[in-house]
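Please keep the sequence and the structure in view while reading.

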Amino acid sequence: MSLLRLSLVVAALAVSVVLALTNPTTDQYLGFVQGELTKAIDRMDQSAPEREGAVVKSIFRRHSQELLNSMVRPHTTRQNWGILSRFETTVLGTKVVVIGIGNQFIPIEG
């Protein structure tokens with residue numbers, strides 16, 4: 001085996017180990033979902049009265065953990081493929097598929 005091929009194999013193994021070590025967990029995924037929901041609520045339709053928007057934001061901020069643990073976590077499945085994970089969540093008829101790799105999340109569907 002040439003030195004170049006050996007170097008490529010070692011580099012590929014090193015990348016695989018790093019990706020395996022940084023493969024996101026379900027808790028990290030729930031943190032990602034919470035952040036995305038917070039962004040969505042902050043971008044809420046500006047035509048709604050300001051007071052109603054403030055009430056919705058306040059309720060979500062206070063109860064986001066309960067919402068995630070009761071609505072999102074039980075309806076989420078994680079497929080761990082070693083160097084990456086596929087998260088699928090179906091809530092209220094909406095299916096969301098996200099790939100987690102290297103502590104990053106990439107929405108695929110929904």
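The model is a predicted one, and its local features are reported only where pLDDT is at least 70.

**The sheet and its helix**

An open sheet is formed by 4 strands, which follow one another in the order β1-β2-β3-β4 with antiparallel pairing. Because β1 (76-80) and β4 (104-109) stand at the edges and each has a single partner strand, one side of each is left without a neighbour in the sheet. From one strand to the next, the twist averages 20°. Strand β1 is joined to β2 (residues 85-91) by 5 bridges, the two strands running antiparallel, and within this sheet Gln79 has Arg86 of β2 as its bridge partner. Helix α2 (residues 26-42) packs on the sheet, where it touches β1, β2, β3 (94-101) and β4, and its direction makes about 70° with that of β4.

**Aromatic pairs**

Across the whole structure, a search finds 5 aromatic pairs, two of which are set out in the table.

| Ring pair | Distance between centres | Angle between planes | Class |
|---|---|---|---|
| Tyr29 and Phe32 | 6.5 Å | 35° | tilted |
| Phe32 and Phe105 | 4.9 Å | 20° | stacked |

The stacked class of Phe32 and Phe105 follows from their angle of 20°, because planes under 30 degrees apart count as stacked. Since Phe32 lies in helix α2 and Phe105 in strand β4, this pair ties together parts that are 73 residues apart in sequence. Tyr29 and Phe32, by contrast, are 3 residues apart in helix α2, and are therefore separated by about one helical turn. Tyr29 is buried, with a relative accessible area of 1%, and Phe105, at 17% relative accessibility, also counts as buried. Ring pairs link Tyr29, Phe32, Phe87 and Phe105 into a cluster.

**The largest pocket**

Which residues lie nearest the centre of the largest pocket? They are Val33, Leu37, Val72, Thr89 and Val96, which belong to a lining of 18 residues. The volume of this pocket is about 460 Å³. The elements that give two or more residues to its lining are α2, α3 (50-72), β2 and β3, and the largest share, 6 residues, comes from α2.

Technical notes: Residues numbered from 1 in each chain as written. Predicted model: local features only at pLDDT ≥ 70, side-chain atom pairs only at ≥ 80, totals over all residues. Heavy atoms only, no water. Pairing = 2+ DSSP bridges. Axes fitted to C-alpha atoms, helices over the stretch in contact; angles between N-to-C directions. Contact = heavy atoms within 4.5 Å. Phe/Tyr/Trp six-rings, centres within 6.5 Å; stacked < 30°, edge-to-face > 60°. Buried < 20%, exposed > 50% of the residue type's maximum accessible area, 1.4 Å probe, protein only. 1 Å grid on protein atoms, 1.4 Å probe; cavity = no way out; pocket = protein on both sides within 12 Å on 5 of 7 lines; lining within 4 Å. Points joined across faces, edges and corners; volume = space filled by probe spheres on them.
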